[in-house]
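Here are my notes for anyone opening this one for the first time. Have a look at the picture, then read the points in order.

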Amino acid sequence: MRKGNDYILKLRPWSLSTFVVALLAVVLATATQEMFTSFGMQLYFAGFVPAILIAGLMGGAPAGAFATIITVPIVWWAFMPPYFDFGWPTPEDYDSLAMFLLSSALLVCFSQLYREALVILRK
């Protein structure tokens, strides 16, 4: 097997470094989402989907779930109107949140399956 993707298995699930990587991915996604918002785009979760995938691939399911859990309050507070306030979401916001949670769950599951496949192929 090629050695090109061995970096994915360097971080162990449930380690502190795994959660730090997930937090850094979400911080970078927050900056990206702020850039999208400054251009006038109203895609609340667009910048965070790659962060969930990266966290899931690098740290497994715990890191992907952690990144998903901390993304929801960040988006609700900073990017959904009223900005920088926890106001009641509209029905459209609930739909966006539900779609994000569903897609994040799928991303986390697929990234965990990919990590498990890499472990099997390494043997």
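1. Let's start with the buried side of helix H3. Its buried residues are Asp 93, Phe 100, Ser 104, Leu 107, Val 108, Ser 111, Arg 115 and Leu 118. Buried here means under 20% relative accessible area, exposed means over 50%, and partly exposed is in between, with a 1.4 Å probe and protein chains only. What do the buried residues of H3 pack against? They pack against helix H2, residues 49-78.

2. A word on what you are looking at. This is a predicted model, in which local features need pLDDT of at least 70, side-chain atom pairs count only at pLDDT 80 or more, and totals for chains, interfaces and linings use all residues. Residues are numbered from 1 along each chain as its sequence is written, and side-chain values use heavy atoms, with hydrogens and water left out.

3. The chain has three helices and zero strands, running α-α-α from the N terminus on. Helices (H or I, at least four residues) and strands (E, at least two) are DSSP runs, numbered from the N terminus. The C-alpha atoms fill a box of roughly 50 × 25 × 25 Å along the principal axes. Of the 123 residues, 36% count as buried.

4. Back to H3, this time for its length. With 32 residues (91-122), H3 should span 46 Å at 1.5 Å a residue, and its end C-alpha atoms are 47 Å apart, which agrees. The expected span is 1.5 Å times one less than the number of residues.

5. After H1 comes Gly 40, with a positive phi near 95 degrees.

6. Thr 68 lies in H2 and is buried, at a relative accessible area of 9%. Leaving aside neighbours within four places in sequence, Thr 68 is in contact (heavy atoms within 4.5 Å) with Ile 52, Phe 100, Leu 101, Ser 104 and Val 108.

7. The other is Gly 56, also placed in H2. How much relative accessible area does Gly 56 have? The value is 0%, so Gly 56 counts as buried. Not counting residues up to four places away in sequence, Gly 56 touches Gly 64, Ser 111 and Arg 115. For scale, Gly 56 and Leu 102 are 46 residues apart in sequence and 15 Å apart in space, C-alpha to C-alpha.

8. Most residues other than glycine have a negative phi, and most peptide bonds are trans. Trp 14, in the segment before helix H1 (16-38), has a positive phi near 70 degrees, and it counts as exposed at 67% relative accessibility. Phe 84, in the loop between H2 and H3, has a positive phi of about 55 degrees although it is not a glycine; Phe 84 is exposed too, at 53%. Pro 82 is found in the loop between H2 and H3, and the peptide bond from Pro 81 to Pro 82 is cis, with omega near -5 degrees.

9. In the model, residues 96-114 are 100% helix, while residues 39-58 are 50% helix.

10. Among contacts between residues at least 6 apart in sequence, 70% join residues at least 24 apart.
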